[in-house]
Amino acid sequence: MDLSTIQCKLESDVYPSPIQFCKDMRLVFQNSKSYNTNKKSRIYHMTLRLSTMFEELIRSIVSDWRSAVKYEEKVRNNQYVSDR
């Protein structure tokens with residue numbers, strides 16, 4: 001997995017949920033750490049930094065997405081009850 005593949009998948013609207021996108025991003029970071037094993041290298045350090053930044057940002061985005069899905073379900077359920 002690489003960032004250009006993720007970009008193509010995003011542009012093609014392939015990801016069914018943010019969770020799938022996160023899995024691919026985490027795989028990129030894991031691959032980078034696996035192939036750049038020198039923990040003193042700049043690439044390794046940048047991988048760690050970028051991974052940390054990603055996790056911080058995605059945590060709030062996924063939380064907002066889940067809240068939106070729950071809200072839509074609640075509205076749908078309330079509308080169903082009021083239609084009866």
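## A buried tyrosine and its ring partners

Tyr15 has a relative accessibility of 13%, so this residue counts as buried; here buried means under 20% relative accessible area, exposed means over 50%, and partly exposed lies in between (1.4 Å probe, protein chains only). Keep in mind that this is a predicted model, where local features need pLDDT of at least 70 and side-chain atom pairs count only at pLDDT 80 or more, while totals for chains, interfaces and linings use all residues. Residues are numbered from 1 along each chain as its sequence is written, and side-chain values use heavy atoms, with hydrogens and water left out.

How many aromatic pairs are there? The count comes to 3, where rings of Phe, Tyr and Trp (its six-membered ring) pair if their centres lie within 6.5 Å; planes under 30 degrees apart count as stacked, over 60 as edge-to-face and the rest as tilted. One of these joins Tyr15 to Phe21: the ring centres are 5.7 Å apart and the planes stand at 80°, so the pair is edge-to-face. Phe21 is itself buried, at 17% relative accessibility. The rings of Phe21 and Phe54 are also edge-to-face, because their planes are at 65°, with centres 5.9 Å apart. Phe21 sits in helix H2 and Phe54 in helix H3, so this pair ties together parts that are 33 residues apart in sequence. Tyr15, Phe21, Phe29 and Phe54 form one aromatic cluster.

## The nonpolar core

The largest nonpolar core has 10 residues: Ile6, Tyr15, Phe21, Cys22, Met25, Val28, Phe29, Phe54, Ile58 and Val62. Such a core is a set of buried Ala, Val, Leu, Ile, Met, Phe, Trp, Tyr and Cys residues joined through side-chain atoms within 4.5 Å. Helix H2 (18-35) and helix H3 (42-83) each supply at least two residues of this core, and H2 gives the most, with 5 residues. Helices are DSSP runs (H or I, at least four residues), as are strands (E, at least two), numbered from the N terminus.

## Charged pairs

Side chains of opposite charge can pair when their charged atoms come close. There are 3 salt bridges, each a side-chain nitrogen of Lys or Arg within 4 Å of a carboxyl oxygen of Asp or Glu. Asp24 and Lys9 meet in one of them, at 2.9 Å from N to O. Asp24 belongs to helix H2 and Lys9 to helix H1 (residues 3-11), so the pair ties together parts 15 residues apart in sequence. Asp24 is buried at 11% relative accessibility, whereas Lys9 is partly exposed at 24%.

Glu55 and Arg26 form another salt bridge, with their closest N and O atoms 2.8 Å apart. Glu72 pairs with Arg76 at 3.6 Å, and both lie in helix H3, 4 residues apart, about one turn of the helix.

How many disulfides does a search of the whole structure find? The search finds 0, a disulfide being a pair of cysteine sulfur atoms within 2.5 Å. The sulfur of Cys22 is 19 Å from the closest cysteine sulfur, in Cys8, which is too far for a bond. Cys22 is buried at 3% relative accessibility, while Cys8 is partly exposed, with a relative accessible area of 48%.
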